[in-house]
Amino acid sequence: MTRSLAGLLTGHRTKWLVLVFWLIVVGLAGPLAGKLSKVENNEASSWLPGKAESTQALKLQQSFQSQNTLTAVVIYDRQSGLTQADKTKAAADSRQFATVGKIDGKITGPIVSKDGKALQTLVPVNLGKDGWNNAPHVVDKIKTIAGGDTGLTVHVTGPLGNASDSGKAFQGIDGTLLFAALGVVIVILLITYRSPLLWLLPVISAAVALATAQGVIYLLAKYAGVTVNAQSAGILTVLVFGAGTDYALLLVARYREELRRHTDRHEAMAVALHRAGPAIIASASTVVVSMLCLTAAESNATAGMGPVEALGVAVALVVMITLLPALLVICGRWVFWPAIPHYGSQETVTGGFWAKVGINIARRPRMVWVTTTVVLAGVAVGLLQLHASGLTNAESYRGKPDSIVGAQVVAAHFDAGSGTPVVIISNAPQANAVRTAALNTDGMAGVTPPAVKGNLAYMQGTLRDAADSSGAYATIDRVRASVHQVSGADAKVGGGSAVNLDVQRASKHDRNLIIPIVLVVVLVILMMLLRAVVAPLILIGTVVLSFAAALGASALIFENVLGYHGADAGFPLFVFVFLVELGIDYNIFLMTRVREEAARVGTRRGALIGLGATGGVITSAGVVLAGTFAVLATLPLTAFAEIGLAVALGVLLDTLIVRSVLVTALNLDIGRHMWWPSKLAQQRDVEIEELAKDRPTYVG
């Protein structure tokens, strides 16, 4: 950011224009932000890999049944054995289930189990486009009809039961995450600033950024075809508050410094923006560009998340370098009360905690970075316990909702895959041959006769294994291999198990494709910002090491402390993207300051000054970001809890260990060569032995 632009944004008159502009924007965007949930697309196709066979089957299936149709498996259970009254009641219930919603197909059952202790009825209901929100309501109706008989236990499971429990988990997610993130940010800002007033300005700015981003995304979803689902909308809240507050912390810290050097607060803010702006813009650009890399994903859920989160961070950046500076200069120095930074007062980095850390590292920097690297690598070994091959339905929840209990009852009395059929669609002339091939496949309990409509035939198969088990996935592969061999059939295999299998494979593909792309993008941005090659390569290496250590530590905690025995297939990619994008921010904040000081006092002294000057604010920023992501753990969904905890842990690791200890030790050991091939690499630098006897002094 140029000095003239920074001055224009914070001028004596223009500050008011900036404020009025954002008041108008938030006045227009606020009402639209409240409508964002109405344009969320939570249809199955919005989550699936676009090219997967299960997605193709889902599209063909619409000729027979809507993709928004989910089957409720109503399971009745009496351990002492079913009575004739139980069977009569279930038959009557089956007829009443037609009133719970739009029935799409035939209600099947009640079907009595071989042991005579349970029976089940299959109810296909078209939930419409707003399926997640409708599912709990429909299931409640089913339970009201089926319940009421003492001794006869009733559960609703199957795809509709799972959707209901998932919908309940997501109900109110935006409000839950917003207030949790807001609470975390306020508490940490109060501790950081020790001011009863200053925390309000970053929080107000973050709220404006979130409302504006949600309003713009609403318009794009409604009129430009941008896909938004509950997952991307929920993470948007956390990301905007976390990243926006980080940028605010860096700017406010630099503004405080400049207030001690300038009598005019407008001039102080112009200098602060000019100095801190490039680091803030580079950090946000890293996140935005990296998020846009997600559009290359096969999975629609992952690809759709990219533009949504990128836009949110871009808006947060613009707000934090325009509205926040205007608010700060409008309020004046008193907003820092009781620790008001008066002109001419001294602020040194010699006595602070991070300055002392730097001095201790300077005594033996090589030993410090080698030891730190070995320790982090040792923690990364925990990756061997990370099983990111997908979660079963039971593992997906942190509790035990009714659909999971019902699935266990079904498995105890019927074929485990009952209620979650394998969908097979083929050309009509070859339908019988396809059915025979599927029926003769190991792991299949049965296949319905084909229903023909036009040139297509539709069949449903029943799995012997639980629909979300590895055995079921192996059966899906065998069925596909069998039916694909039927000449001219062009058969497609879909259904719930096939969808889960294809999502897992797409997640692995996306991870292997996107992680290298993101690394290259971040490396290029660092090279442009630092105008060097060596430093960016080293920083990328430290971030990758930090990511591996965070995953390793998370895996150990999940397995041995929290009792999570698996992780979602997309877990490594999401954690990588968030940690690399956000973790690199702290290295950018540190290294831009080190480079600024290195031009005057040499790299090694600049490293100590940079650590001392930025240590407190970066630590606060890391704690804020970790806290905001940790609120994901408040949700009852294992995947969100795992992502939130892993990112929070990784951010703290990056802030407290990697940035402060590892990067500083490398700066001190390598010295001016960090800036190769720029001119700074030729500048004379102090020797380590001499530096160890020195004490850093603040250089303004």
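Contact here means heavy atoms within 4.5 Å. The model shown is predicted.

**Close-up 1. Asp654, a buried acidic residue without a salt bridge.** Asp654 lies in helix α22. Setting aside neighbours within four places in sequence, Asp654 is in contact with Ser546, Gly583, Ile584, Tyr586 and Arg659. Arg659 also has the nearest side chain of opposite charge, 7.5 Å away. A salt bridge needs a side-chain nitrogen of Lys or Arg within 4 Å of a carboxyl oxygen of Asp or Glu. Asp654 is buried and has no such bridge.

**Close-up 2. A nonpolar surface patch made by Ile557, Val561, Leu562 and Leu645.** The patch covers about 310 Å². Helix α19, residues 534-562, gives the most to it, with 3 residues. Leu645 sits in helix α22, residues 638-670. How does Leu645 count, buried, partly exposed or exposed? Its relative accessibility is 32%, so Leu645 counts as partly exposed. Helix α22 is also the helix that holds Asp654.

**Close-up 3. Asn440, in the loop between α16 and β7.** Helix α16 spans residues 431-439, and strand β7 spans residues 444-447. Asn440 counts as exposed because its relative accessibility is 63%. The cut-off for exposed is over 50%. How far apart are Asn440 and Ser482 in sequence and in space? They are 42 residues apart in sequence. In space, C-alpha to C-alpha, Asn440 and Ser482 are 8.7 Å apart.

How values were computed: Residues are numbered from 1 along each chain as its sequence is written. This is a predicted model: local features need pLDDT of at least 70, side-chain atom pairs count only at pLDDT 80 or more; totals for chains, interfaces and linings use all residues. Side-chain values use heavy atoms; hydrogens and water are left out. Helices (H or I, at least four residues) and strands (E, at least two) are DSSP runs, numbered from the N terminus. Buried means under 20% relative accessible area, exposed over 50%, partly exposed in between (1.4 Å probe, protein chains only). Patches are made of residues with over 30% relative accessible area and no salt bridge: like charges are joined within 9 Å, nonpolar side chains (Val, Leu, Ile, Met, Phe, Trp, Tyr) within 5 Å. Accessible areas come from the Shrake-Rupley method with a 1.4 Å probe; for residues, only the protein chains shown count as cover. Lys and Arg count as positive and Asp and Glu as negative; His and the chain ends are not counted.
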